[in-house]
Structures are given as structure tokens and as C-alpha cells.
Amino acid sequence: MKVFVYGGSERLADHILKQLDEKGHEAVTVAETDNRAEALDEIGTTEVIIAGDDSFTRALDDADAIIYIASASPGTGDDQDALVDADTVVKSLEEAEQQGIERIVYLSPVHLDESDESKKTGGKD
């Protein structure tokens, strides 16, 4: 099965990509830098695409599933106004639907002490 891991720069990605490789799946992800791409290659990632205008669409080509982990690692969002980029999530799901991808795993950050308003909007207080 070809699986696109959205969020290849996350610490969690290394674990997931290794597991996919060990189970015989074709793992694809996007990296921001050549150095990160090399590190992902070394752990068994089948294909690493360097981030660019069409990288997301290219990564989804012929994918059977998506594991969406962007911003799901501990400490993510400490320097951001919102924990989740809702627009990117929606665009990702729309593209997956257009390509006929029906298997999606979505991991999202949450703070245990998060306010009710933040839970609704994704904004941090």
C-alpha cells in the first residue's frame, strides 16, 4: 500500500515511516530541506519529495492512504497563534477526495488545559 505521510518534518514522522517500511508499505513524504530528505531516506522512506509548489499533489499520486501528522508532535505550536492550520487540513482533505483516497488517519495536537474557545477555533490563548 502506498501511504503519504503528511508532516514528514515532525518528530513523530520518523517512527511512522520506519513502521511503514518494516510492514512493507511504500511510504512517501515531503521534506523542507535536502538534509531532512537524506535523513528520511536513511530510515527507509520509499520516496521523499522536496517541498515545492506541486509537492503535495505529487506526493498524493497513486496513494492508497494518508497519515496526516502535521503539527502533531509534542511542543508543536509553541511559537504559533493556532495549533492547527484549518485551511491546510481542508485543502488536504479536498485533494484526497479528488484523488479518490478513502483511507485517512488524522492526528491533531491538543493541550489538556486548552480553553473552550480554543477548542472551537484552534486558536491559542
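Predicted model: local features only at pLDDT ≥ 70, side-chain atom pairs only at ≥ 80, totals over all residues.
**Entry 1: Val 5.** Setting aside its neighbours within four places in sequence, I found Val 5 in contact with Ile 16, Leu 17 and Leu 20, with Val 28, Thr 29 and Val 30, and with Ile 67 and Ile 69.

**Entry 2: the core around it.** Next I looked up the largest nonpolar core, which has 15 residues. Val 5, Leu 17 and Leu 20 are the residues with the most contacts inside it. H1 gives the most, with 4 residues.

**Entry 3: another core.** I also found a second, separate core, this one of 14 residues. Its members include Val 30, Ile 49, Ala 63 and Ile 66. Val 30 was already in my notes as a contact of Val 5.

**Entry 4: the whole chain.** Stepping back, I counted 5 helices and 5 strands. What pattern does the chain follow along the sequence? I read it as β-α-β-α-β-α-β-α-β-α.

**Entry 5: burial and reach.** The chain has 125 residues, and buried ones make up 40% of them. For its accessible surface I noted about 7,700 Å², with 45% belonging to carbon and sulfur atoms. Last, I checked contacts between residues at least 6 apart in sequence: 66% of these join residues at least 24 apart.

Key: Residues numbered from 1 in each chain as written. Heavy atoms only, no water. Core = buried A, V, L, I, M, F, W, Y, C linked by side-chain atoms within 4.5 Å. Buried < 20%, exposed > 50% of the residue type's maximum accessible area, 1.4 Å probe, protein only. Helix = DSSP H or I, 4+ residues; strand = E, 2+ residues; numbered from the N terminus. Contact = heavy atoms within 4.5 Å. Areas by Shrake-Rupley, 256 points an atom, 1.4 Å probe, with all protein chains shown as cover.
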